[in-house]
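Here is a briefing on a predicted model. Keep the sequence and the 3D view open while you read.

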Protein chains: 2
Amino acid sequence: MGDVLDLVIVGSGPAGLCGAIYAQRARLDAVVLEQNYISGGQVVNTYEVDNYPGLPGVSGMELSNQFRAHAEKLGTKFVQAIVKKIETGEGCLWKIITDKGEYLTKSVILAAGAVHSKLGVAGEEELAGMGVSYCATCDGAFFKNRVTAVVGGGDVAVEDAIFLARGCKKVYVVHRRDELRAAKSLQEKLLSLDNVEMVWNSTVEAIEGDDMVSGIRIKDKVSGDESVIPVDGVFIAVGIQPNVEYFQNLVDMDERGYIIAGEDGVTSQPGIFAAGDIRTKGLRQIITAASDGANAVTSVQNYLVSHF
Amino acid sequence: MGDVLDLVIVGSGPAGLCGAIYAQRARLDAVVLEQNYISGGQVVNTYEVDNYPGLPGVSGMELSNQFRAHAEKLGTKFVQAIVKKIETGEGCLWKIITDKGEYLTKSVILAAGAVHSKLGVAGEEELAGMGVSYCATCDGAFFKNRVTAVVGGGDVAVEDAIFLARGCKKVYVVHRRDELRAAKSLQEKLLSLDNVEMVWNSTVEAIEGDDMVSGIRIKDKVSGDESVIPVDGVFIAVGIQPNVEYFQNLVDMDERGYIIAGEDGVTSQPGIFAAGDIRTKGLRQIITAASDGANAVTSVQNYLVSHF
C-alpha cells in the first residue's frame, strides 16, 4: 500500500484506456486495475470494427492492442488484480481492496464495462462452452460447415449471424419480435444471405443436448406451438449487463444496474467517477466509451483541485 | 434541389466525419457540407495529436485525412458549400440555403465547430503550431521540462496553467488585470505552485521566434515598460467562439453562443441536432467531438423513425 495515488482506473476497455491516456498526459499518479492482461474489454472479442473513426476495418484485437500500446507508450501502470471492494478511507481518500492488495487513492474511475446477458433457460449454463456461446467471433470458427442459431435482434445479433454465415452450413436467427432492431444496413446484409433463416416471433425455451448442444426448443409466440430446431451451436446476443458486482452500495444505480452518471462521469459519490458501458447512457460504442474516459479524467482533475 | 435528404451534416471536423461514418452505416441518405475540401476542422492545424486513442503521435493533418478516408470509404457524399441560412420547409422538412444551392432535408446535424479567440499580435499566426497553441490539454505534453506561458485569466487559462505546471519547468501566467476571473479553488491551487509565476497587469505585444517560439514581448500596463520573457511555448486561453453565425434564431444558445444540447445532441428545435465543439459541453477534444457525431446520428435515427 503506502503511497496515495491520484487516481485508480478500474477496467482496461476503451473507457479505461482512454482515461489512462488522458491521466498520463495530465501527469496524474494513476494505476489501471484490470482483470486480465489482455485489455480492450468487449472489443477484444469483436471480429471487425468499422466505426472507430480513422481505423476502418480494424480487428477488435488489433484495436485493443493499439489502445493499450498507446497507453503504455505514455507510461501507464497496469496491475492485474480483481477489485473486491471499494470503501472510504481517511481524509477524503478511497481504499480499493483487490485480490492482490490494497490501494489508497484520491479518486476512482469505474470503467469495468458490461457483460453479455443470459437467456436463463434450461441447458444454457450446463452447455456453456459445449455449444452455447456469447461470442461468435471467439467461437464461431469451431462451427465451420455446421448448423448454428443466433438469439437476438439487435446489432450484435445480426453482426454475429452475418459472421457465422461465412463459415456455417446454416444459421437460424431466432427473434422474439417480427422485426429486427439492428441497423438497416445490417438487416439488408443479413436478409440477402442464402444460408440464413429467420425464426420470427419466437423465444428459446430450452437448449437441448447431453454433452454437446443438439438443438433449441422454440416457442412460437403467435401460435403457442413448440418445436425443436436441431443445431450444433447457439450464440446468445440478447444484451449486456454492467459489471457492478463489487460496486453495490457505493454509488447510485438505475433499475438495470447501470451507474447513474452523465457525460462528465460524475456519480452520486464525490471522488468516484464512471466511464463507458457501465454508466447510464444512450449509445454504447467504442468511440463513446473512449470519450467517457477523457471526460471522466477531466472531472477527476477538477475534483482534485477543489478537494486536495 | 429535388430529392429530400434524410440528413445534412454541417461541418467536416471530427464530429461531422464521425457522424458521416455512423450515417453511412445506418444507410441514411446524407450529405456533408463543408467550407473547404480539407476536412478535420481545427485538427488540421494541429502539429501533433497524442490523445486520440489508437493513433499516438499522429499529425493533425494525417488524422484528418484518415477520418475523411474512412468516411469516404463508406460512401459519404461531401459538398463544398457555405451555409447561409437554415429555415423551415414544408412537412417537417428543413431548407438549407448555401452559396452553391439549396437542400431539403428531414434532419440536420450542426457540427461547424468553434474557433479560438486570437490575441491578434505579431508572430501569433506565423508561429501557430510552432510553439503557439490554443489547447494545453492537446499540446502541453510536448513541453515537458520546458518553459511556457499561458495568456488569460479565466477558468480555462488557470486550468491550463495548472495542467502545464505538472510537466513544465516553469509556467508564466500573463494576465491584463491584477486579479484572476477563474474560480477561487483554481486560483488557490495555481498560486500554491512553486513553478508558476504570475505576470500581472500585462499584455502580450508580440510573440517572438524564427521557426519556433523563443519568447513573448510583454507590456506592463501600469509602468508602460516592455520586456521579453524567454519561453518555449505560449498557450493562448482568451476564449473560444462557436461557429454559429448562420444559425442565429434557429436553436437556443447559451450566453456565450454555444448551442444548448446534451450528449445526445438534441437541441430546442426538432430535427436539428448539434455535435462537437459547437454545443454546450465540458470538454472539447477530438475524441469527445467524434463521440458526439455518433450520438447525434443515433438521435437522428430515432427522430426519423418517429417523425417520418
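In the hairpin of β13(B) and β14(B), five residues lie between the strands, and B:Gly224 has a positive phi near 85°. The model is predicted, so local features need pLDDT of at least 70 and side-chain atom pairs count only at pLDDT 80 or more, while totals for chains, interfaces and linings use all residues. Residues are numbered from 1 along each chain as its sequence is written, chains are lettered from A and ligands numbered from 1 in the order in which they are written, and side-chain values use heavy atoms, with hydrogens and water left out.

**Strand pairing in chain B**

- β13(B) pairs with β14 (residues 226-230) of chain B in the antiparallel sense, over five bridges. Two strands count as paired if DSSP finds at least two bridges between them.
- Within that pairing, B:Arg217 has B:Val228 of β14(B) as its bridge partner.
- β13 (residues 213-220) of chain B also runs antiparallel to β12 (residues 202-209) of chain B, joined by seven bridges.
- B:Thr203 is bridged to B:Lys219 in β13(B).
- Elsewhere in chain B, β4 (residues 83-88) and β5 (residues 94-98) are antiparallel and share five bridges.
- B:Glu87 finds its bridge partner, B:Lys95, in β5(B).
- β4(B) and β5(B) form a hairpin with five residues between them, and B:Gly91 in the turn has a positive phi of about 55°.

**Domains of chain A**

- Domain 1 of chain A covers 4-116 + 240-307, and domain 2 covers 132-236. These bounds come from an automatic or database domain assignment.
- The C-alpha centres of the two domains of chain A are 33 Å apart.

- A:Thr267 sits in the loop between β16 (240-242) and β17 (272-274) of chain A.
- Is A:Thr267 buried or exposed? A:Thr267 is buried, because its relative accessible area is 9%. Buried means under 20% relative accessible area, exposed over 50%, and partly exposed in between (1.4 Å probe, protein chains only).
- The A:Thr267 side chain reaches the backbone nitrogen of A:Gln269 at 3.1 Å.
- Leaving out residues up to four places away in sequence, A:Thr267 touches A:Val251, A:Ile259, A:Ile260, A:Ala261, A:Ile272, A:Phe273 and A:Ala274. Contact means heavy atoms within 4.5 Å.
- In helix α5 (residues 184-191) of chain A, the buried residues include A:Ser185, A:Leu186, A:Gln187 and A:Leu190.
- Their cover includes α4 (155-165), β10 (170-174) and β11 (196-199) of chain A, together with α1 (14-25) of chain B.

**Cysteines of chain B**

- How many disulfides does a search of the whole structure find? The search finds one over all chains. A disulfide is a pair of cysteine sulfur atoms within 2.5 Å.
- B:Cys135 and B:Cys138 form a disulfide, with S to S at 2.0 Å.
- The torsion about their S-S bond is about 70°, so this disulfide is right-handed.
- B:Cys135 and B:Cys138 are both buried.
- B:Cys168 is buried too, at 6% relative accessibility. Its sulfur is 14 Å from the closest cysteine sulfur, in B:Cys135, which is too far for a bond.
- B:Cys92 is partly exposed, because its relative accessibility is 45%.

**B:Asp139**

- B:Asp139 lies in helix α3 (residues 136-139) of chain B.
- B:Asp139 counts as buried because its relative accessibility is 14%.
- Its side chain makes a polar contact with the side chain of B:Ser133 at 2.6 Å. A polar contact is a pair of N or O atoms within 3.5 Å; within protein, one must be able to donate a hydrogen and the other to accept it, and residues adjacent in sequence count only if both atoms are side-chain atoms.
- Not counting residues up to four places away in sequence, B:Asp139 touches A:Arg25, B:Thr46, B:Glu48, B:Ser133 and B:Phe235.

**Interface of chains A and B**

- Chain A puts 40 residues into the contact and chain B puts in 44 residues.
- The two chains bury about 3800 Å² between them, with 54% of it on carbon and sulfur atoms. Buried area is the accessible area (1.4 Å probe) that two parts lose on being put together, summed over both.
- On the chain A side, A:Arg25, A:Arg27 and A:Val305 lose the most area to chain B, together 20% of what that side buries.

Methods
Helices (H or I, at least four residues) and strands (E, at least two) are DSSP runs, numbered from the N terminus.
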